[in-house]
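Open the model in your viewer and keep the selection tool at hand. The stops below are meant to be taken in order.

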Amino acid sequence: MPQVLLFEGAEGVGRQRLALWMGQLLLCEQKDAEPCSKCRPCRLVMELGHADLHWIVPILRPKVTDADKQVDEAADLIGEIVAERRKTPLYGALDGMASHPLATVRLIQRRAALKSVEGGPTVFIIGHAERLVPQESSQEAANALLKLLEEPPANTWFILTATDAGRLLPTIRSRVVPVRLGRLTDAEVRDFLAAELKPGLSAAALEERVRTAEGSIGSAVSASDAGAKAHAAAADLVDVALQGSVPRAERVLKQSPWAARGDFSAMLEALEQTLGDAVRAASGMTPRRALPAALKGPRPVSRLLEAQRHVTAAREAAQGNVNPQLLVGVLAEDLAAALNRVSGER
Ligand SMILES: [Zn+2]
């Protein structure tokens, strides 16, 4: 097996789940085609407690300034998230502001330099590797990781996951062996939800959930009141953006400049999906969800795609240190320019 792998696929199709399975396979005492799930290493991996399996997840930037203490803080933050996932294996979407800061890469370097605790292989799973973004000090982080991926230490595996290899730094992309994971079938999503979701859903709610999940168990699991709230907020933003400059300005002032980053990025994601639905409708397909009133009516696909590109850019900016209020201001103007040229307003 290649020592450096990339599992790429849509959000929520099981990239990290498969990476954990692969780690378990590498660490299992029975060298078989599948992990036995009975030996001690297997059990430790399944409890997310194996000392030689390092699940590296994006975190919010460490607060301390001392470089060594930052690495310790990164280790603690990652440990907390993994502990949370141990308790709640069906975890929700990642915080839009979380990333792999330089401290995390130093942590990986530090751990990769040590001998494995159990004397066997060492496995690193680096989730959301696209969050190694080239900005501020992260360029340095990406380069440091690159060195490690070029020449992995003996008996050490790196499994990266990302939505799309195209979003990785080219230097990292060229070092990984990509494995593409497809979306699941509606039947697979339905079976999973029926078996795992507690409390269960009514038949109608289950079908609705399966339809909007688009083959992603992750989005089916995290679809909830919060998802509905994010879509309502996205519809509201489109509506206000198309009403004119005064409502736009009011909306910007309403946007809190500091609070609820997670809500903010969920709204942007919902907005991207909403525009995707509008593209579907404009192309004669059935949208996954009902369109907000402001997006009903004929509009060229090219304009909808342009609006969607603005939202994608805003989502990427939101992962950096950008003020959400500023971002909403720019985005509302861009949406108005892309979608509203017919109305005659400035
Ligand atoms: Zn085993």
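A residue is called buried if 20 or more other C-beta atoms lie within 10 Å of its own, exposed if 12 or fewer do, and partly exposed in between, with C-beta atoms placed from the backbone. Helices (H or I, at least four residues) and strands (E, at least two) are DSSP runs, numbered from the N terminus. Residues are numbered from 1 along each chain as its sequence is written. The model is predicted: local features need pLDDT of at least 70, side-chain atom pairs count only at pLDDT 80 or more, and totals for chains, interfaces and linings use all residues.

**Stop 1: helix H14**

Select residues 324-339, which form helix H14. Now colour the buried residues of H14: Pro324, Leu327, Val328, Leu331, Ala332, Leu335, Ala336, Ala338 and Leu339. Looking down the axis of H14, you will find these buried residues within an arc of 165 degrees, so they line one face of the helix. The arc is that of the directions from the helix axis to the C-beta atoms.

From Ala332, go to alanine 249, which is 83 residues away in sequence but 8.9 Å away in space, C-alpha to C-alpha. Alanine 249 sits in helix H11 (residues 245-254) and is partly exposed, with 13 other C-beta atoms within 10 Å.

Asparagine 340 is in the segment after H14. It counts as partly exposed because it has 18 C-beta neighbours inside 10 Å. Draw a distance from its C-alpha atom to that of threonine 88, 252 residues apart along the chain: the separation is 44 Å.

**Stop 2: the nonpolar cores**

A nonpolar core is a set of buried Ala, Val, Leu, Ile, Met, Phe, Trp, Tyr and Cys residues joined through C-beta atoms within 7 Å. Which residues have the most contacts inside the largest core? They are Val123, Phe124, Ile125, Ile159 and Leu160, in a core of 39 residues. Elements giving two or more residues to this core include strand E1 (4-8), helix H3 (67-87), strand E3 (122-126) and strand E4 (156-162). Another core, of 33 residues, lies apart from it, with Ala235, Leu271, Leu327 and Leu335 among its members.

Centre on phenylalanine 124. Leaving aside neighbours within four places in sequence, Phe124 is in contact (C-beta atoms, placed from the backbone, within 7 Å) with His54, Ile56, Ile108, Trp157 and Phe158.

**Stop 3: the domains**

Colour domain 1 (4-180), domain 2 (183-222) and domain 3 (224-343) separately; these bounds come from an automatic or database domain assignment. The centres of domain 2 and domain 3, taken over C-alpha atoms, are 26 Å apart. Four residues from domain 2 and four residues from domain 3 make up the contact.

**Stop 4: backbone details**

Most residues other than glycine have a negative phi, and most peptide bonds are trans. The peptide bond from lysine 198 to proline 199 is cis, with omega near -5 degrees. Proline 199 is in the loop between helix H7 (186-196) and helix H8 (203-213).

Histidine 128 has a positive phi, near 50 degrees, and is in the loop between E3 and helix H5 (138-150). Is histidine 128 buried or exposed? It counts as buried, because it has 21 C-beta neighbours inside 10 Å.

Note on methods: Two residues are in contact if their C-beta atoms, placed from the backbone, lie within 7 Å. The expected span of a helix is 1.5 Å times one less than its number of residues.
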